[in-house]
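Hi,

Here is the structure I promised to pass on. Have a look, and my notes follow below.

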Amino acid sequence: NLSEQEFERLFREEAGALLALPAHPNLARFITFDASAQPKPVLVMEFVRGTNLERTLEGGELTMPRALAIVDHLLAGLQAMHEVSIAHLDVKPANLVLRDGSGDAVLVDFGLAGRRIRFGCGSVHYGAAEVWTEGASSEPWAADVYAAACLAFEVLTNHVLIGGDSIKAVLDVHFSRQPGGELLGRLERNRRFA
């Protein structure tokens, strides 16, 4: 556990890094942060009006052109972040909003974003093994790419790539040698690729 002072230092460092984010159609704008807010520090981001991808996926299948556009927007947003050395670190359907009007997919919720991996920074179905390893010191970009690949699979097939009956079972798959081992079987069973 971090001391309150260490947490505040880390928060200031990571939130300050977000000031380098460029204006980009696939990224929510970072407005400001307040490290001294009580009871917890806050980040202030643009409110992106639209439906998050999680709800869109629950509502039914996307057309293939729309699914490919969403993946393209996700990757463009991550590329813009990575070019200024910031990783999102929580790529998942709930953190991608399909903007009303333009339909652009926009990455939101930069609460875990930063320049380093912190234990548990991610979501169980999308977090690379290094996210779940105490003391992991690897650079964070690969964790974003891993999560984006898991999300792309889900967008294109409407099936979660890394699943299981429990959190432990899902994490075990992330740590296995080939987490996408069932990929070809799933693709063959998916009518969209038949």
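Let's start with Asp-90, which sits in the loop joining α3 (64-83) to β4 (96-99); helices (H or I, at least four residues) and strands (E, at least two) are DSSP runs, numbered from the N terminus. This is a predicted model, where local features need pLDDT of at least 70, side-chain atom pairs count only at pLDDT 80 or more, and totals for chains, interfaces and linings use all residues. Residues are numbered from 1 along each chain as its sequence is written, and side-chain values use heavy atoms, with hydrogens and water left out.

Asp-90 counts as buried because its relative accessibility is 8% (buried means under 20% relative accessible area, exposed over 50%, partly exposed in between; 1.4 Å probe, protein chains only). Leaving out neighbours within four places in sequence, Asp-90 touches Asn-95, Leu-112, Gly-122 and Ser-123, with contact meaning heavy atoms within 4.5 Å.

Now for α3. Its buried residues include Ile-70, His-73, Leu-74 and Met-81, and α2 (53-58), β4, β5 and α4 (141-157) are among the elements covering the buried ones. At the N-terminal end, Thr-63 is the cap, with a side-chain oxygen 3.2 Å from the backbone nitrogen of Arg-66. After α3 comes Ser-85, with a positive phi near 65 degrees.

As for confidence, the chain's mean pLDDT (the predictor's confidence in each residue, from 0 to 100) is 83, and 88% of its residues reach 70 or more. Helix α6 (residues 183-189) is lowest, at a mean of 49, while strand β5 (residues 105-107) is highest, at 97.

Cheers

Note on methods
A polar contact is a pair of N or O atoms within 3.5 Å; within protein, one must be able to donate a hydrogen and the other to accept it, and residues adjacent in sequence count only if both atoms are side-chain atoms.
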